[in-house]
Amino acid sequence: MNNPVNKLRLVCKLRDRAEVRDEELFSKLLPEGWRVEGRIAELDGSIVKLLGLNPSRDEFMLSLSLKKSKHLEDLVRSIIRDCWYIDIYYNFRGDEARKVAEALGVMFEEKRVFEIKLSGVDLKVSAYPSHKALTISYRVGWAEVSRGAVLKVHEKLCGAPKSSILSRIMGWGR
């Protein structure tokens, strides 16, 4: 990933209602290595914030600022064990929105909603050219997560991480 992605949110539908405090739920769901302080977790410059649970306590929302694509994949793999599904939302603005639209092959000149299939998931792409904004959302369950769809979609939208020269020479790059 070239730059940190700051406009990323996850909404997760829990299998059972949360019987614990919000902060306990947060630390229970995160994979190893994340340092949790209240409703905020950090790992190598990536930050995840628990925005809250809905009143029925069966759905919660996270806000993410990621430095590494791998952090998103690990986070989603960890969370999906306790969830029916995860809705993933990206918000892009300005030149970044235009670049993502081009990568997806959608026209950014008019306000419109596009449906695109990418890596086995259905993306809903909403273009708002007057605001220079692009909103992309999709839903994943265990099947999509286990196939690696989250990382594939993320890298298509945000750019694949640059592989090392040695990895490219050896053919290990993605």
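Reply: The structure holds 1 cavity of 30 Å³ or more. The model is predicted: local features need pLDDT of at least 70, side-chain atom pairs count only at pLDDT 80 or more, and totals for chains, interfaces and linings use all residues. Residues are numbered from 1 along each chain as its sequence is written, and side-chain values use heavy atoms, with hydrogens and water left out.

Me: What makes a space a cavity, and what volume lies in the largest cavity?

Reply: On a 1 Å grid over the protein atoms alone, a cavity is a set of points where a 1.4 Å probe fits but cannot get out. The largest cavity has about 40 Å³ of space, a volume being the space filled by probe spheres set on the points, which are joined across faces, edges and corners.

Me: Which helices each supply at least two residues of its lining?

Reply: Helix 2 (69-79), helix 4 (142-146) and helix 5 (149-158) do so; helices are DSSP runs (H or I, at least four residues) numbered from the N terminus. Lining residues, which have an atom within 4 Å of a point, include Glu 73, Val 76 and Leu 151.

Me: Why are helix 2 and helix 5 called roughly antiparallel?

Reply: Their packing angle is about 150 degrees, on a scale from 0 to 180 degrees between N-to-C directions, with axes fitted to C-alpha atoms over the stretch in contact. Angles over 145 degrees count as roughly antiparallel, and helix 2 and helix 5 are therefore described in that way. Contact (heavy atoms within 4.5 Å) involves residues including Leu 72 of helix 2 and His 154 of helix 5.

Technical notes. 1 Å grid on protein atoms, 1.4 Å probe; cavity = no way out; pocket = protein on both sides within 12 Å on 5 of 7 lines; lining within 4 Å. Parallel < 35°, antiparallel > 145°, perpendicular 65-115°, else oblique.
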